[in-house]
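I opened a new notebook page for this chain today. Here is what I looked up, in the order I went through it.

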Amino acid sequence: MNTQEREKLLEPLSLDGLEEIVERAKHDMLAVWTTYGIYESFGKFFADTIAGFDEALARANRLSEKMTNAYRSLEQIYALPKLDTLPYILLPRRAELLALSDYYERFGKRLEIAAYPQGMVVRKAFFNLAKQVRTFVLETRSDLLEWVEETFDLMNSHLQRCSSQAQEKLAALTAIAESSASIQQRIEDLRLREARIHYEIDELTSLQSELDRYFQAIPDLSGAA
């Protein structure tokens with residue numbers, strides 16, 4: 001995964017984006033004068049935060065589908081192990097964010113606004129919330145990168161095992177081919193030797209015939225005085 005793809009995956013959980021959400025919520029919260037207004041500001045803050053998280057999760061799911069499709073063709077060809085690339089690591093994070101939202105929703109509902117609705121209670125609660133959400137975003141970004149690295153490592157492990165097996169098969173086939181080539185060469189050598197022997201036999205036969213004719217033409221001198 002290159003740097004551009006990594007940045008695109010993490011973009012919905014950027015710290016700069018979170019700071020904009022925090023500043024906007026802080027401004028809205030200190031501008032309202034009713035309990036409902038503060039409660040609504042907390043709700044808007046969480047709606048924006050959850051939307052960023054869900055977009056990051058959607059991008060992770062699209063990346064998961066992309067990796068699965070790329071892997072599936074090789075899986076079928078080379079009988080690779082099944083690979084589950086779904087970003088399960090993020091699901092507990094979403095539950096954590098929803099629990100935090102629920103806590104501050106209940107806080108907003110029971111908040112009693114006295115003379116100064118933008119007082120210390122609200123500010124302290126929101127600053128604490130912003131700190132918690134920053135930690136949440138940082139940890140979620142780390143979880144996303146961990147999921148990507150683990151998934152790619154697992155894919156690479158399967159593919160390397162497949163590559164090693166293919167290399168072993170190739171080496172075996174190469175050895176067989178070389179052995180076959182060696183045998184074929186030996187057969188050709190034997191055929192050449194056989195042809196040479198047949199040629200020599202023919203030559204010897206021809207010579208033997210000539211010798212026979214030669215000796216037949218010599219007079220029989222065994223009875224001469």
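I started with burial, and I call a residue buried when its relative accessible area is under 20%. With that cut-off, I found that buried residues make up 27% of the 225 residues in the chain. A reminder to myself: this is a predicted model.

**Entry: overall layout.** I looked up the secondary structure next and got 5 helices and 0 strands. Read from the N terminus, the order is α-α-α-α-α. I then checked how far apart in sequence the contacting residues lie. Taking contacts with a separation of 6 or more, 83% of them join residues 24 or more positions apart.

**Entry: the core.** Which residues have the most contacts inside the largest nonpolar core? My list reads Phe42, Phe45, Tyr104, Phe126, Leu129 and Leu144, in a core of 40 residues. I traced the elements behind this core: helix 1 (3-10), helix 2 (15-31), helix 3, helix 4 (91-110) and helix 5 (120-217) each give two or more residues. Helix 5 provides the largest share, 13 residues.

Beyond its neighbours within four places in sequence, Phe42 is in contact with Met29, Tyr104, Phe107, Ala125, Phe126 and Leu129.

**Entry: Thr49.** I also wanted to know about a threonine, Thr49, in helix 3 (residues 35-78). Is Thr49 buried or exposed? Its relative accessible area is 6%, and a residue under 20% counts as buried, so Thr49 is buried. Setting aside neighbours within four places in sequence, I found Thr49 in contact with Ile21, Leu97 and Val133.

**Entry: helix 2.** I did a quick geometry check here. At 1.5 Å a residue, the 17 residues of helix 2 should span 24 Å, and the end C-alpha atoms are 24 Å apart, so the two agree.

Then I asked which residues of helix 2 are buried. They are Leu18, Ile21, Val22, Ala25 and Met29. Looking down the axis of helix 2, I saw that these buried residues fall within an arc of 100°, so they line one face of the helix. The general rule I jotted beside this: an α-helix has 3.6 residues a turn, so residues three or four places apart point the same way. On the face of helix 2 turned away from the buried side, I noted the exposed residues Asp16, Glu20 and His27.

Key:
Residues numbered from 1 in each chain as written. Predicted model: local features only at pLDDT ≥ 70, side-chain atom pairs only at ≥ 80, totals over all residues. Heavy atoms only, no water. Helix = DSSP H or I, 4+ residues; strand = E, 2+ residues; numbered from the N terminus. Buried < 20%, exposed > 50% of the residue type's maximum accessible area, 1.4 Å probe, protein only. Contact = heavy atoms within 4.5 Å. Core = buried A, V, L, I, M, F, W, Y, C linked by side-chain atoms within 4.5 Å. Expected span 1.5 Å × (residues − 1). Arc of directions from axis to C-beta.
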